[in-house]
Amino acid sequence: MTEEKREPIDKVVQPIQRFILQEKAGGIILGLSVIIAMILANSSWSEDYFHFLEHKLGFVFNSIPFFEYSIHHWINDGLMAVFFFVVGLELKREIVGGELSNPRKALLPIGAAIGGMLVPALIYISLNPSGEAHHGWGIPMATDIAFALGILYLLGSKIPLSLKVFLTALAIVDDLGAVLVIAFFYTSDISFISLAMGFGFAFIMFVGNKMGVRSILFYAIFGILGVWTSFLLSGVHATIASVIAAFMIPADVKIRENLFVERIKKYLNKFREVDPKSEIPTLTNDQLHLLEEIKIDTNKAIPPLQRLEHRMHPLVTFVIIPIFALANAGVSLNIDIEQLFSTNIALGVALGLLLGKVLGVVGFTLLLIKLKVAPFPEGMNVQNLLGISLLASIGFTMSLFITSLAFTDPEYMVQAKIGIFAASIIGGVLGYLTLSRSVKQK
């Protein structure tokens, strides 16, 4: 059997592909983006950096501007809508056939996630009970799944699979909680006509799903031009539209696994029987037809939801989230300490994430186990649960996003970001050390 032909470009592409396939790659790229943003915000280019994000982009028809927003706004409402669409796809996949599909197995990470959202919010509210600073109570509720899992995967295969599954499920439920918080508490004046139109387009997607429509183009047209645009005009944050649209994507297959295997075997046997012209690098018409049949049946055997998630995940991980970090993580460190603590925003965010996540995740998990609602997953104990809860205190992407919704005062935004960075760095380091120690003891 001859080996696969290797081209010169493979020497460049394959190392990049191997890096992208690593679970920790997303966390590394996100970390580098945050560092670059901080460097830009504290360099001689800082004025150009901040000014660039305020440039307006939009459409003009008959001298009338439409959708004219700043670059910063387009990133937070446009690009992040794609991020939330993938979050919605992940949520639906977990509910349909993942860790959240089994109620008993799902109870523990769901309870941990609820505790990890409630306790941080309560800590923040206790320190910021009134005024504009009070609006930031949703900031410490979020967990950055890319960073948290990236650090967890740095520890390699010695970490029990149950811990990775638990943290993934916890972070996904946490994302759902953040979406609901944004929907109900961080929206502006609502246009019910636009909102009704958005739900109308979502209903069309739902009907298409039930009728067996599997065209990605169909869902893209009604999801982007219909649901997302309507929600953008309604006043409800457009990222909610992305999650709703994601839940309308079909999650079933047209060909079951056993039938798919049988068909592929037949195609391969026929392909083997065809007499190819070995001296010619092209294929015969019969071979092309068989390969096309294999491609069609393969698409039928993959749920559109998973096909979309698989294709879009690298785009979100390596393009959208880094761009978001570059646009939002830049904080000038030339600040007065008294100004930083002129409110309790930084303290509320930092303690909410670092202390609140640990108390919430560990406390609610142990309570559920004590009440015999659910057992400890295999390989998990109190020590590595503590390590997981510390990783859950890494807020970054989601916390920065909610900060942009909670505050309009630049000073308050800076205070919140400092709190996010401090808690995320400390939580990440302590989480890594705690889990590393538990692995060595084991």
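How many aromatic pairs does a search of the whole structure find? The search turns up 12 of them. Here, rings of Phe, Tyr and Trp (its six-membered ring) pair if their centres lie within 6.5 Å; planes under 30 degrees apart count as stacked, over 60 as edge-to-face and the rest as tilted.

Two of these pairs, side by side:

| Pair | Kind | Centre to centre | Between the planes |
|---|---|---|---|
| Phe199 and Phe231 | edge-to-face | 5.5 Å | 65° |
| Phe218 and Phe222 | tilted | 5.0 Å | 55° |

Before going on, keep in mind that this is a predicted model: local features need pLDDT of at least 70, side-chain atom pairs count only at pLDDT 80 or more, and totals for chains, interfaces and linings use all residues. Residues are numbered from 1 along each chain as its sequence is written, and side-chain values use heavy atoms, with hydrogens and water left out.

Phe199 sits in helix α8 (residues 192-210) and Phe231 in helix α9 (residues 216-234), so the pair links parts of the chain 32 residues apart. Helices are DSSP runs (H or I, at least four residues), numbered from the N terminus. Phe231 is buried at 2% relative accessible area, while Phe199 is partly exposed at 45%. Buried means under 20%, exposed over 50%, and partly exposed in between (1.4 Å probe, protein chains only).

Phe218 and Phe222 both belong to helix α9, four residues apart, or about one turn of the helix. Phe222 is partly exposed at 22%.

Elsewhere, Phe83, Phe84, Phe324 and Phe401 make up one aromatic cluster.

Notes:
Helices (H or I, at least four residues) and strands (E, at least two) are DSSP runs, numbered from the N terminus.
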